[in-house]
Amino acid sequence: MWLQLDGAPAHFSVTVRHHLNEHFPNAWIGPQGPTAWPPRSADLTPMDYFLWRVVKSDVYRVPATTREDMVERIQQSFQRISPLVLSNVRRSFRRRAELCLTENDHHFEQLL
């Protein structure tokens, strides 16, 4: 099993890294870890700013009754994402990338 961390400052602490090295030796991805994870911005990752929010809200609208029910809901949720929605996501991604360049890689979420 691998553990992947995000860039949260708490994940940089020596205590956390020692714990991860002990429990996930050479099997964790993160800042200063055995496997480097390239820096990224959630504002530039469609999976973060769009897909998981949409699918999660759709899937959990009503509590699932079984594992199979949950799998079916996830599959149906992905199938309901239309080409028009994906086109809007691409347009949003381009806008976000342009803002990132305009702001010289600084925070820009307040401009969205």
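A nonpolar core is taken here as a set of buried Ala, Val, Leu, Ile, Met, Phe, Trp, Tyr and Cys residues joined through side-chain atoms within 4.5 Å, where buried means under 20% relative accessible area, exposed over 50% and partly exposed in between (1.4 Å probe, protein chains only). The structure is a predicted model, in which local features need pLDDT of at least 70 and side-chain atom pairs count only at pLDDT 80 or more, while totals for chains, interfaces and linings use all residues. Residues are numbered from 1 along each chain as its sequence is written, and side-chain values use heavy atoms, with hydrogens and water left out.

The protein has four helices and two strands, arranged from the N terminus as β-α-β-α-α-α. Helices (H or I, at least four residues) and strands (E, at least two) are DSSP runs, numbered from the N terminus. Of the 112 residues, 23% are buried.

The largest nonpolar core has eight residues: Tyr49, Phe50, Leu51, Val55, Val59, Met70, Ile81 and Val89. Helix H2 (residues 46-59) contributes the most to this core, with five residues. Another core, of five residues, lies apart from it and includes Leu5, Leu20, Phe24 and Ala27.

Patches consist of residues with over 30% relative accessible area and no salt bridge, with nonpolar side chains (Val, Leu, Ile, Met, Phe, Trp, Tyr) joined within 5 Å and like charges within 9 Å; a salt bridge places a side-chain nitrogen of Lys or Arg within 4 Å of a carboxyl oxygen of Asp or Glu. Met47, Trp52, Ile74 and Phe78 form this patch, with about 360 Å² of accessible area together (Shrake-Rupley method, 1.4 Å probe; for residues, only the protein chains shown count as cover). Met47 belongs to helix H2 and is partly exposed, at 36% relative accessible area.
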